[in-house]
Every structure is written in structure tokens, then in C-alpha cells.
Amino acid sequence: MENFANYLHDNFLWGAPLWVVQVIVQFGFALLLLMVFVSPFAGILSFIERRIAGRMQDRIGPNRVGPQGLLQFLADGIKSLLKEDLIPKSADKPLFIIAPYLVFLGMFTTFVALPFASKLIVADLNVGILYVFATSSLTVVGLVMAGWGSGSKWSMLGGMRAAAQVISYEIPAGLAALTVLLPAGSLSMQKIIASQGAHPWQWFIFSTPFTLVAFFILFTSLVAEGNRAPFDLPEAESELVSGYNTEYSGMRFVFFFFAEWANLYVMAAILTTLFLGGWQIPQSLSVASASAASWLPQVLQLIFFQLKCLAIIFLVIQLRWTLPRIRMDQLMTLCWKYMVPIGFFCVIGTAAWMMIFPQGAPKMAYLLTALAGVTVIYYFYRVVWQIKVSHAQIELNPFV
Amino acid sequence: MLLNMGPQHPSTHGVIRFVVKTDGEVMSEAMPDVGYLHRSIEKIGEICDYNGFMPYTDRADYLSAMNANQGYAMVVEKLLGLEVPRRAEFLRVIAAEFNRIISHLLSVGALAMDVGAATPFIHALKEREKVNDLMEALCGQRLTYNYVRIGGVSYDMPPNCSERCLDFLDRFEPQWDEFERLVSANKIFIERLSKVGTISREDAIAYNLVGPNLRASGVDYDLRRDIPYSIYPELDFNVIVGRGEQGEVGDSFDRYIVRVREIRESIKILRQCFSRIPEGDILAKMPKVLKPPVGEAYVRTESSRGDMGYYLISDGSAKAFRLRIRTGSFTGMAIIQKISQGMMIADLVTLIASLDVVAPEIDR
Amino acid sequence: MTFDEIAKTLQEKFEGLVPTTDRAGDPFLTVPAAKIVEILTFCRDDGLMAFDCLSNLTGVDAPPDDIETVYHLFSYPKRHSVTLKVRVPKASPQVPTVEGVYPTANWQEREAYDLIGTVFTGHSDLRRIMLPDDWVGHPLRKDYKEQEDYHGMATTRPSLLNS
């Protein structure tokens, strides 16, 4: 992107100083990211979630609006825009109005540090992962403001619960991320990916058993931070009538949900970057595509990254529609009594591992990869067996 | 802090209001406030004549309407001293047990949804739809059946009803196994339900809990076996009693698992009925205007929510003098105030859902 | 135990009980109102009768001038049941509460108070349960006339049938 800024400055805008042009270019890229990638993606993600939920519940899901129902999110967005904008009388107006924007801001500012490909990153900060965790904590402020500002006791309860939950689960998330940062040796997102390889046994998840455990801890913590089921008590529909969301209607309500779905993607991106090798593609593929066109490796890297993110998103969506909610005190117990100690243990274990095996232990990586492969094969076998046993009629075509 | 879990709430089953005194998450008391669905059915019972009151009994508990119908028919028949033909008795039991299955399906599904899992509810409703189709073939209605008449039933089985019903039962059992695997064995679900809202055996009897709630607290009592009516003496089934498998006897998980297993017992009963049903009349010979002699009767039937008592006082005329419907949900609400001290708000939702209260039954 | 045996046992212990067995359906035992708490305590604690469950408590508007409260007792160990009735004049319908004997009577008596008008003396929380707290009248009485309006809303509508 510096090249692009230099190019602009030299050829068109030589009147303005270079840094102004750079700022404008970065701003433009961020806007482009928001408009072209995040917004439609969050919308399509909502549609995907509803289709997957429908399939799991033996029904179809939205398929009327647009081809296969793909424009459903547009219809929902337009409908929400046209709704009456209610502000309760006892609401705290400034807080009530700002809260959705803060939540959205906290989520969106993380997008600028996400590495989509080796050259497709808006800002390659050298504290990348720390920046991502820090800005995603802005959502807490937004949630508490929403809860308090709504002026309703139910919302306040929901806001309190949300704040407690998100803040508590930052700690295991940080510890699990630390487990990966030790081998990587840097906080920068691109460097973390560069120290992994393309093949599964070169990913950080399989490099030591401690990082395998840390992956699950990070996964759980990020799901909890995103207020997704089974941790969606703050917005529990059947208990608090949507918690801090209750008094919001129309576009403000859509902002919360938009932030939640986009947060799903950030969650998946963080997991992919730290544990699943990011955008790395096999060397042979990279060389072969580079000879075809110079931009082709970037596109392939982007595709790999997206595929990994989508796999994680799929898993999270399935979890949401299968598992019941965890109660608040059980949630807190899980975090503080189980995940934090295990997180510490993983960090110390990884540090010890790195001392014992300074060059890494590829045998362990192969072993763990093999174990994972066996688990995946067994999973599919069970699914097929279950279908046979229950004589279910399944529809393999997702676009029925 | 005084919270109002108001009449409109996604998880109170019907229109019930709770005034919750809470301090953060932990409640000090939850007082139920009922009466939002009071339609004075008992007063209407004094205005309608006996035959015309039957549709009202459907609305007293719409989720197990057949049992409600049957109870009313039984109490009038007891006063009249009427004998119901055997085929009608079999049809009544078939309809009642199907009704028990779908009532428990909805109750268990709603409990799963209140705890947080949305998918089991949809699966349960899917099965319910199929039974609704069968009921529609039988009596023309999907929810409020008005099928039982005083002296018998109103319609006979359609031509291939037996085959369709047995086919449904064959397909339903493996689905129910899958449901159990999805929900009952789920660790989070067990954590949410076990040791929550434990009702001891003495409390259950003293507060007059009935049906699955009573059995879950360890009392081995089922009206169908212990004070049998209709053709239940000839049928062979087990009575499920809560044993405290995950947690204590009488907690929410026991109430849930009693309902899940009762569905299987109902399937057993249905298969026996279909194999034994005789030919014959479906309605006894009765005068056009029913005038029971002066007297009173109290009859209880085992509906899905426990025993539903009908108390009828007749003064010899064509209209009842006093009709009282005593339902299990009404007395079940009284215990919530006592048990809810010290529980969390999330547990209150679980407690209400596991007690399977239905608002029209409470308020009538 | 059959009804006759139960009635005999109770009549030996208490006086003033009148059994009625000549009507169709269930027989019942009429009991003086002042002694109802003693009698129910005895029924619950006695080893032979063991009525541990108050299955139903309801009020009946009995002609010409009385209000009856009906108690249906049931025993889980012995599987027998009995019906007790208490008659009080409509002008001052006061019955002692049996809440101390059977906790379930709490709500059932509130309903009887709400719909029939029996005042249960000694009840911990006697207020209306089904109807709103400021409703006037007791609907299940035979001579009940509905109030004309409630908080400004008319309680009747013109009938759509005969037009």
C-alpha cells in the first residue's frame, strides 16, 4: 500500500505532503474493506447461518428472496431501516444512541489488522495480535452502555452479564494466544503466519500438544467473547427477552446483530492466523501459480484463508444450534476455575517444550496430525452410520 | 430489585406473570400472579347443557384436550350410571395416549428451547405435526378435538387408520432415540437441569403436585394403574418414577426424563390397543336431553399434566348445578413461590418449564 | 376403607357430622365449620386413614342461603378418598383455614374466596387470585350480577346475533 500511496503522490497529488496522501489512501482502503467485504460478508453470513440452522432442524431456511434466498439480508436490512425508531422514555439518550456504534466500532477496527494474504493487509502492525484483542474489547463498553442506557432492568441485567462474560474470557484468550506467540517470537500477524507452513503438520495447532489444548481454549474463549451460544446468556431470548438488545428496534438493532456476525468472522480469522497457518499455500502451488500470473498466488492465499475461516465459522454455527445455554455461574466457573489454570499450564508447557526441543519436534507434529485425521474420518463415519441406522431421508443438495 | 417477568415473555408457558424480587442473579422470591387467562369456564358449565359443554373442556387444557374431554364425559356418565361400549373405550384410550405423546413432545421441546437449544424444539414439533395429521383424519381437528361424547366417541376410525398410526409409531421410535441422544446425554443440558428446583416427596404430596411432577419426586402413583378407569386394567405398561439419576430425586432433570420415558410407555399402550380393538358401537344409547339424578361425583383422569379432576353437582335439571375442574398446573404454581428462594433467574425459567405449567389450565 | 368405615371412624371421634349417602354418585360427610381444622389434622395424621393429600378444595353456592366448602381428601398409601363438606350461611361465610394442615390449601382457598366469597379466617394471604384485585362481586354465586363497567371499559357488548 505504500507503493500505491507513493504512486498517487508522485503523479497526481504532489501538492500535498506524502503523509497526508498515505493517510487518505489507508482511509480509503479501510472504507473499501468495510463496504465491499465486511458488510456483504456479514449479511451473507447471516443468511448462511439461517440456511444451516434450517438444515439442522429438518427444514429449508430462507429461500425466497433472490436466487436461493441470497438477498435475504438485504431485505432484512431494508425492513429494519423502515421501522420506527423507538427510544424509551426512561432511556439515557446519549448512551442509548452511541452504544450500537461503539459495539460496531470495536468489532470493525480489528479488520484492518487481519491478514488476508501476504500482501493484502491494511495495516501490518508489529503488535498486530495485541491490537486485535485490545480493540475488540471496545465492545464491552458498548454492551454496558446499551444495557444501562436502555433504562430497563432486564437490559441492565443483560449488560452486566455481558460485561462480566466478555471481560472474564479475555484472559484465557490471551493466555492461549501467548502459547502461540512463544514459538512465533513476534506479535505481528504476518510474522506469525510466516513461522507456520502450509501443510497441516506445520501449523501451530499440531506443533505441540500444549498448543492443541490452547487451540480449544482460544476457540471457547472467542465464542464466549462473541456472545454466541452456548455462551449467549446476555442476549438469551427465552430469559431476558434479548437482554441488552430488548429496547432497540430498527437499524440500531441491526447494528448489534451485524456486529455479532462480523465478530464471528474476526473470531475465525484470529484462530486461522494463530493456529491454522493463515494464508500459507504449499510451495509448489505458489511457484506454479506465480509463473501463470503475478497476482495469482495472492488470490490463492486469500482463498485458502477464507476456506479455513469458513470451516471454523461452520463449526461455530453448528454449535450454536445444537447446544443449550450455560448458566452464568457455570460460565464463570468454567472460565476462572478451569480455563485460566489450563491456559497457564499450556503457556508453561510450551515454554518448556521450546527449551527441550529448540528446533521443534516434527515427530510430535506428525503424530498429532495423524490423530486429527483419524478423528475427522471417524466423525464422518459416524455421521454415515447414524443416517443408516435411523433410516432418515436426507437431502444432500443444499440448494433444494 | 423488583423485576417483572411479565405476562408477555417468551418462556413462561402462556400468559403468567411473575413478580421477582432479586438481587442481581440470585432471587429471594418469585411470586406468581395468575388470572390473565381466566375465562370462567366453570360458570359457563352452569349455563350450558351437558352435551354442549364438551368443546369448553378442550379449552381448559388445549394441549391434552382428549383427556379433558374424557374426564368430563366420565363424570357425567358416572352420575347417569351409563355404560360406554368397548370400542368407544378403546378409541378414547387411543386418542388419549396419542394426546399424551404430543403433549409431552411439546413440553420436552419447550424445556429444551428455554434452556437454550433451539433445534430439539423443532424436531419435537415435526413429530407433533404428523400426529396432528392423524388426529385430523380421526376427528377433523388438530388441537381442540371435541372428540369424546358423553356415552362414547363421536366418530369412528377412518379406513386405514390403524396402518397409518402404526406406521407413524414405527418411524417415531428411532427418532425419539435420536432426540434422547441429542438432548438427554448433553453435558450442558444436564448441568442446567440437575439439582435445580428439587421438590422433595413430602413437599410434592403436601402441595398436591400431580402427574409427571409427582412421579419425578419419587411417588409411585399413576391413576391409570392405581385407580384404573376405562380399559386401562387390561393394558400392560410401566409407571416411570424419578430416581435421581443425574443429581437428586425430584429435580428438573427427573421431571424431564419422566416425560421422555412416558412417551415410550404410551407407544407401548398404543400398540396394544391397536391389536386388540374390537368391533362395535361407538356411542351408547342415551336420551336426547340428559338429566342426571340429584347427586354429585368427583372423577379423576390421568391427563398429560397429572390428574385432572372433574367435580359435578347435579340438581336433576338439564344443566349442571356446579362444575369444578381441578387441574394439576394450578396447584403446581403454588410451589414455585416456596422453591424459588435462593435460585437464580435462569433457574426460574428452567423450573417453570420443567413443571410443565400451561396457562389455560391454571386459570380456566 | 369404604366410605361407611371412614364416616364411622370420624363420627366416633367428633360429633356433629352428618353423612349423606342417599344421592346418586359419591356420598359425602357434612362437618361443622368450627371443627374442620381438627378433623383434617386427624385425617392426615391417623395411621389407618392417612389422608396425606388434599386433592380438591372448592366452594359451592348451595341453595337457599348457604355456601358450602367441599374438601376432597385422598390417601396415597391407602388409595382411598373421602368428601367432606362445610356449610356456612351466605350472610357471613367464614371458615377456618386449613392451610396449616395442607399447604396446597393456600391457593385453593384463595380461589374459593375469589370466586365464591368464602372468607377463610387465619389465611396468610387472602386476596383475589384470578380476578383483578379491585373487582366487585363473586362470580360463581347464583345471584351474581356483573358490574356495568370496569375502569371505564364496558363489560357487555351488544349481541351480534339477534340483528
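**Ground rules**

I kept in mind that this is a predicted model, where local features need pLDDT of at least 70, side-chain atom pairs count only at pLDDT 80 or more, and totals for chains, interfaces and linings use all residues. Residues are numbered from 1 along each chain as its sequence is written, chains are lettered from A and ligands numbered from 1 in the order in which they are written, and side-chain values use heavy atoms, with hydrogens and water left out.

**Chains and domains**

I started with who touches whom, contact meaning heavy atoms within 4.5 Å. Two pairs of chains are in contact, and B and C share the most contacts. Chains A and C do not touch, and I get 25 Å between their nearest C-alpha atoms.

Chain A splits into domain 1 (1–82) and domain 2 (86–360); such bounds come from an automatic or database domain assignment. Their centres, taken over C-alpha atoms, are 19 Å apart. I find 20 residues of domain 1 and 25 residues of domain 2 in the contact between these parts of chain A.

**The sheet in chain C**

Next I traced an open sheet of five strands in chain C, ordered β1-β3-β6-β5-β4, with mixed pairing. For the terms: helices (H or I, at least four residues) and strands (E, at least two) are DSSP runs numbered from the N terminus, and two strands pair if DSSP finds at least two bridges between them. At the edges sit β1 (18–20) and β4 (53–62) of chain C, each pairing on one side only.

β1(C) runs antiparallel to β3 (residues 28–31) of chain C, with three bridges joining them. Thr20(C) has Phe28(C) as its bridge partner there. I also noted Lys85(C), whose charged end sits over the ring of Phe28(C), 4.1 Å from its centre. A charge counts as over a ring if NZ of Lys or CZ of Arg is within 6 Å of the ring centre and within 35 degrees of the ring normal. Lys142(C) does likewise with a residue of chain B: it lies over the face of Phe321(B), at 4.3 Å from the ring centre.

**Phe51(C)**

Buried or exposed, I asked of Phe51(C)? It counts as buried because its relative accessibility is 0%; the cut-offs are under 20% relative accessible area for buried, over 50% for exposed and partly exposed in between (1.4 Å probe, protein chains only). Phe51(C) lies in the loop between α2 (36–45) and β4 of chain C. Its C-alpha atom is 4.2 Å from that of Ser75(C), though the two are 24 residues apart along the chain. Beyond neighbours within four places in sequence, its contacts include Ile6(C), Cys43(C), Leu73(C), His80(C) and Tyr102(C).

**Strands of chain B**

I then followed β2 (residues 17–23) and β3 (residues 26–33) of chain B, antiparallel and joined by seven bridges. They form a hairpin with two residues between them, and Gly24(B) in the turn has a positive phi of about 80°. Lys21(B) stands opposite Glu29(B) in β3(B).

Further on, β7 (residues 306–314) and β8 (residues 322–326) pair in the antiparallel sense over five bridges. Leu312(B) has Leu323(B) in β8(B) as its bridge partner. Five of the five residues of β8(B) are buried, so the strand is largely enclosed by the rest of the structure. In a regular strand the side chains alternate between the two faces of the sheet. Here Arg322(B), Arg324(B) and Arg326(B) are buried on one side, and Leu323(B) and Ile325(B) on the other.

Thr301(B) is in strand β6 (residues 295–303) of chain B. It counts as buried because its relative accessibility is 0%. Leaving out residues up to four places away in sequence, Thr301(B) touches, among others, Asn67(B), Met74(B), Leu223(B) and Tyr229(B).

**Aromatic pairs**

I count 39 aromatic pairs over all chains. Rings of Phe, Tyr and Trp (its six-membered ring) pair if their centres lie within 6.5 Å; planes under 30 degrees apart are stacked, over 60 edge-to-face and the rest tilted.

Phe210(A) and Trp353(A) are edge-to-face because their planes stand at 75°, with ring centres 6.4 Å apart.
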